[in-house]
Amino acid sequence: MMSYLPPSDPPHSKEDHHKVYVPSEQDHHKVYSSLPHGSLPAAQPDLRPRGHHGSTLRAPTARTALMGSFLFLLASLLSALSLRFSHEPPVAQALEDGVAKLPVLGYNTWNAYHCDINETVVLQAAKLMVSLGLADVGYTHVNIDDCYAEKNRSASGDIVANAERFPSGMNNLTDQIHSMGLKAGIYSDSGWFTCQLYPGSFQNEARDAKLFQDWGFDYLKFDNCAVPYDDIIREGIVGKYQRMANAIADLAKSSGKPPLIFSLCEWGEEQPWLWARRFGQSWRTTGDISPDWGSVASIINQNSFIAWASDFYGHNDMDILEVGNGDLSFDETKTHFTAWALMKSPLLIGTDLSTISDANLAILKNEEILAISQDPVVGTSVTPFRWGINPDWVSNSTHPAQYWSGESQNGTVFMLINTLDEPADMFFNLTESPWIRAGRQYSVRDLWTHTDNGTAVRNFTAAAVPAHGVVALLLKDAGDEPPNSGPPCARPEWCISQNGTLAPGA
């Protein structure tokens, strides 16, 4: 049995400024062990349906839950069959236009400031990204969200930066951001207006794309509010987003400059994971995040079924990070960040960096977790190999999938999420993951404690994982497993000798 001290799980004290919580230091103890047997503590499955932003809904009957799961699987099957027998490609090809091959790392103003933004706030965030060492570990974008503009376009038809909030102009702002070695991002909307009723880009896509480029921006977040009437637009959401995608592509061709990174924000309502990679480099998959565990768990749950969609040049966007905000505990914050990073979501910081705690800053700067996010060799996400509390492929917004794995250039990544409200042991057989070779042993690296923790043979148990906590591991092949490590096959199904004799338990 191996044991060591993981990072502390400090209680939080509330700060008034922008709802930032500063944890105090308090160590706790966790034990990892490689054991021949193990299991999760008994727990009754929670089959409550998904609610917006983690809201609690009335629990359905078991019959209702099973019917919901059946309908979900039936819809998935019909969708797959329709794609299989159509003349269209089953998944849109990645827009490999030279930008955002890897998930974007940076900052966005919305979660911390909403509409209360100005050039001082933006430049302060940029300076703090540099001085706090965030730029050094890969956070390179400073993105302005809604509310930067005047309410009306100019006489010539252009969006106008708000003279009171941005008196020095956007070119001056982006010049200063670029001088720090960072990139700059801007926001608009595919409809008549933005979500806060500033000018949107519908019917002005080419004009606005050129304006954003002329202002010096490198990145565009494109929202989904103020949709024109059907008899005007005569398009679905796909066509509505294609308008700006075409404008960006045309501008890159005519200007000879790199295209704007295009971040589609249509909230997952039209299955963007099937088509958005034709147009841009990331696409929102859910409604807006909020700084609480219910919201984080719900977003993980929804993305567990579409994690396959992320790869180089195209990524599921799980929304702006809430690290440093709201009522998230230290362990919940670690789980939030780990899931976003290992599922290859863009990582956009969304808190007031002038008040961020050392604990939350350390979470954002975990270079071993960031190395998986920014892996230049493997672009795919971790995916569930076992749901855990629920039967596999069952949607549950409060208890999402618990056991995940994925490839990386340096080994197999495992993510274990304890969705229970109390500590729990978490056990898995190594070959439950498709990326593990049978008959081999694996060295174990903990990506949060930054320690090497011996060798796993056949199975692994993480003991006393905190409530809503996470374990992130990197397993590397360490050669053949020792003789007599267990039954002939780690997975007994159809395990058979050369003479045709089934192995015990097969």
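**A walk from a helix pair to the core**

Let's start with two helices: H8 and H9 cross in a left-handed way, meaning that the near helix is turned anticlockwise from the far one by less than a right angle. Helix H8 covers residues 293-304 and helix H9 covers residues 330-342; helices here are DSSP runs of H or I with at least four residues, strands are E runs of at least two, and both are numbered from the N terminus. The model is a predicted one, in which local features need pLDDT of at least 70 and side-chain atom pairs count only at pLDDT 80 or more, while totals for chains, interfaces and linings use all residues. Residues are numbered from 1 along each chain as its sequence is written, and side-chain values use heavy atoms, with hydrogens and water left out.

Back to the pair. H8 and H9 pack at an angle of about 25°, and their axes are 11 Å apart; the axes are lines fitted to C-alpha atoms over the stretch in contact, with angles running from 0 to 180 degrees between N-to-C directions. H8 and H9 are therefore roughly parallel, the word used for angles under 35 degrees. On the H8 side, the contact (heavy atoms within 4.5 Å) is made by Trp293, Val296, Ile299 and Ile300. H9 contributes Glu332, Thr335, His336, Ala339 and Trp340.

Trp340 sits in helix H9 and counts as buried because its relative accessibility is 0%; buried stands for under 20% relative accessible area and exposed for over 50%, with a 1.4 Å probe and protein chains only. Beyond its neighbours within four places in sequence, Trp340 touches Val296, Ile299 and Ile300, and its contacts also include Ile289, Met318, Asp319, Leu321 and Pro346. Asn316 is 24 residues from Trp340 in sequence, and their C-alpha atoms are 9.6 Å apart.

Which residues touch the most other members of the largest nonpolar core? They are Tyr139, Ile144, Tyr148, Met170, Phe262, Phe337 and Trp340, in a core of 105 residues. Such a core is a set of buried Ala, Val, Leu, Ile, Met, Phe, Trp, Tyr and Cys residues joined through side-chain atoms within 4.5 Å. Another core lies apart from it, with 17 residues that include Met426, Tyr442, Ala462 and Leu475.

Now visit Ala161, in the loop between strand S6 (141-143) and helix H4 (170-179). Ala161 counts as buried because its relative accessibility is 16%. Tyr148 is 13 residues from Ala161 in sequence, with 6.0 Å between the C-alpha atoms.

Two backbone angles deserve a look. Arg234, in the loop between helix H6 (230-233) and helix H7 (237-255), has a positive phi near 50° without being a glycine. Tyr313, in the loop between H8 and strand S11 (315-317), also is not a glycine and has a positive phi of about 70°. Buried or exposed, where does Arg234 fall? Arg234 is exposed because its relative accessible area is 65%, whereas Tyr313 is buried at 16%.

Stepping back, the protein has 11 helices and 20 strands, and 53% of its 506 residues are buried. Of the contacts between residues at least 6 apart in sequence, 73% join residues at least 24 apart.

Conventions
Parallel < 35°, antiparallel > 145°, perpendicular 65-115°, else oblique.
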